[in-house]
Amino acid sequence: MFNAVGACQRYLLFMSESLTAPDLTLTTSDALFTRAKDHIPGGVNSPVRAFRAVGGHPVFMQSAKGAWLTDVDGNRYLDFINSWGPMILGHAPDLVLNAVQEAIQGSLSFGAPTRREVEMAELIKQMVPSIEKVRLVNSGTEATMSAIRVARGYTGRNKIIKFEGCYHGHGDSFLIAAGSGALTLGAPDSPGVTEGVAQDTLTVPYNDRAAAEQVVLANEGQVAALILEPVVGNMGLVAPQEGYLQGLRDLCTQHGIVLIFDEVMTGFRLARGGAQELYGITPDMTTLGKIIGGGMPVGAYGGRKDIMDQVAPAGKVYQAGTLSGNPIATAAGIAQLTYLQEHPELYDQLNRTTTRIADGTRQICQELGLNYTVNQVGSMFSVFFTDKPVTNLEEAKQSDTEAFGRYFRAMLHRGIYLAPAQYEALFVSTAITDELVDTYLTACREAMREAHGL
Ligand code: KE4
């Protein structure tokens with residue numbers, strides 16, 4: 001039955017948005033986005049969700065189960081973001097839901113120590129042996145911010161080295177653009193970040209060991225920590241080249257620099273022990289997030305005992321948090337991590353599934369004469385809209401982001417939910433079956449044709 005009043009409301013709403021021909025098929029997502037922009041900066045609580053890099057309006061989600069998302073209009077999507085990594089077992093796995101429902105019976109938060117925090121710390125140490133002591137926080141940003149503060153407190157040095165294309169959350173020290181040359185100090189990459197902060201952050205290209213050594217030598221005795229994503233997800237998926245991580249390990253050991261692996265994305269995903277297990281490199285500190293919370297807000301930082309014992313109240317480096325180690329979040333995290341610990345075969349399954357997706361995508365691109373670069377490590381992958389190799393940010397920036405935007409929208413209209421930006425990685429969950437890979441590849445072929453007018 002045609003709802004005249006609703007149509008009229010949508011018409012007025014749409015007309016308030018633009019003067020082009022009214023689209024009476026306005027979705028609930030569009031209406032919610034219009035409302036949201038009145039109350040929330042950009043209408044979203046995290047910038048990438050706004051779809052600005054790909055055009056169009058974001059889709060507002062209502063629920064999810066397994067491999068599928070359902071939006072507020074009842075449309076279903078095959079999910080390859082999985083909440084930007086956490087949902088490695090697919091959405092709403094019963095084992096996590098049951099753990100949360102049990103924990104909730106005991107209330108929500110105490111602000112006092114609990115049994116689960118001890119169990120979670122023990123579990124993290126078992127899965128990531130380089131972590132001798134660990135502190136739980138509420139996000140990846142908190143984890144990385146805290147880790148560099150501890151490294152500075154431990155070494156008594158001020159500077160940190162980060163890498164172009166690596167993202168470590170929105171802490172001031174990380175929102176720094178690379179200086180004009182590898183040796184020059186960084187510049188603020190966001191209003192509100194001061195020159196004072198920027199002067200202590202040095203930024204060098206990823207996969208360029210000589211550049212890292214050069215900046216260390218030029219700042220001898222001043223660098224507290226070197227922090228990187230051991231496998232980068234935040235410029236799109238870029239793997240470390242042969243020997244690169246070992247080279248950085250040796251450099252840090254030689255110069256008394258704390259090597260921090262930011263495994264917020266890669267932790268518990270690329271292997272049970274993350275990228276450090278996959279590549280056999282032992283960092284001094286590790287930051288964790290995403291999977292660690294099973295979908296609830298949990299981050300963590302940890303590492304060598306002599307470093308972590310600098311953290312208050314054991315030491316003098318201050319860090320705190322009202323909801324750190326929250327009973328519900330730790331219940332979810334313990335449930336998910338325990339399942340991963342007890343089922344190492346899942347990583348072979350994830351790698352096989354993701355390899356099928358990556359190989360299939362490469363084949364489609366070759367058949368269409370596009371020859372785009374598909375990078376994959378384990379259950380993370382990215383399709384770069386360039387036919388050149390992508391081993392660092394400069395090369396990633398060769399991608400045709402307009403064509404990527406057309407491809408993203410074409411996939412969305414076919415019910416495939418991808419990261420709404422070229423410079424992001426995709427995350428495969430165990431809920432993606434062979435049949436769903438076929439569904440993805442069918443849509444991929446059609447969307448690539450549509451995006452390139454083929
Ligand atoms: P959070 O503060 O968003 O929990 O974590 C920050 C962070 C730290 N380190 C790495 C390697 C990360 O990937 C992240 C966050 N990742 C982004 C995806 N590019 C989260 C998505 C978003 O910002 O909305």
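Let me start with helix 3, where Leu95, Val96, Ala99, Val100, Ala103 and Ile104 meet Pro327, Ile328, Ala331, Ala332, Ala335, Gln336 and Tyr339 of helix 11, contact here meaning heavy atoms within 4.5 Å. By class, this contact of helix 3 with helix 11 has 12 nonpolar residues, 1 polar and no charged, where Ala, Val, Leu, Ile, Met, Phe, Trp, Tyr, Cys and Pro count as nonpolar, Asp, Glu, Lys and Arg as charged, and the others, Gly among them, as polar.

A word on the basis: this is a predicted model, in which local features need pLDDT of at least 70 and side-chain atom pairs count only at pLDDT 80 or more, whereas totals for chains, interfaces and linings use all residues. Residues are numbered from 1 along each chain as its sequence is written, and side-chain values use heavy atoms, with hydrogens and water left out. Helices (H or I, at least four residues) and strands (E, at least two) are DSSP runs numbered from the N terminus.

The crossing of helix 3 and helix 11 is right-handed, that is, the near helix is turned clockwise from the far one by less than a right angle.

The second pair is helix 14 (residues 401-413) and helix 15 (residues 434-452), whose axes come within 8 Å and cross at roughly 135 degrees, and helix 14 and helix 15 are therefore oblique to each other. Helix 14 also passes helix 15 in a right-handed crossing. Among the residues that make this contact are Ala403, Arg406 and Tyr407 of helix 14, and Tyr440, Ala443 and Glu450 of helix 15. The contact of helix 14 with helix 15 divides into 10 nonpolar, 1 polar and 2 charged residues.

A search of the whole structure finds 1 cavity of 30 Å³ or more, and the largest cavity has a volume of about 100 Å³. On a 1 Å grid over the protein atoms alone, a cavity is a set of points where a 1.4 Å probe fits but cannot get out, a pocket is an open set with protein on both sides within 12 Å along at least five of seven lines, and lining residues have an atom within 4 Å of a point. Tyr407 and Tyr440 are among the residues that line the largest cavity, and both also belong to the contact of helix 14 with helix 15. Strand 14 gives the most to this lining, with 3 residues.

The second largest pocket holds about 430 Å³ of space, and of its 19 lining residues the closest to the centre are Pro113, Thr114, Glu117, Ser324 and Gly325.

Finally, the backbone. Most residues other than glycine have a negative phi, and most peptide bonds are trans. Ser107, however, has a positive phi, near 85 degrees, and a cis peptide bond with omega of about 5 degrees joins Ala312 and Pro313.

Notes. Axes fitted to C-alpha atoms, helices over the stretch in contact; angles between N-to-C directions. Parallel < 35°, antiparallel > 145°, perpendicular 65-115°, else oblique. Points joined across faces, edges and corners; volume = space filled by probe spheres on them.
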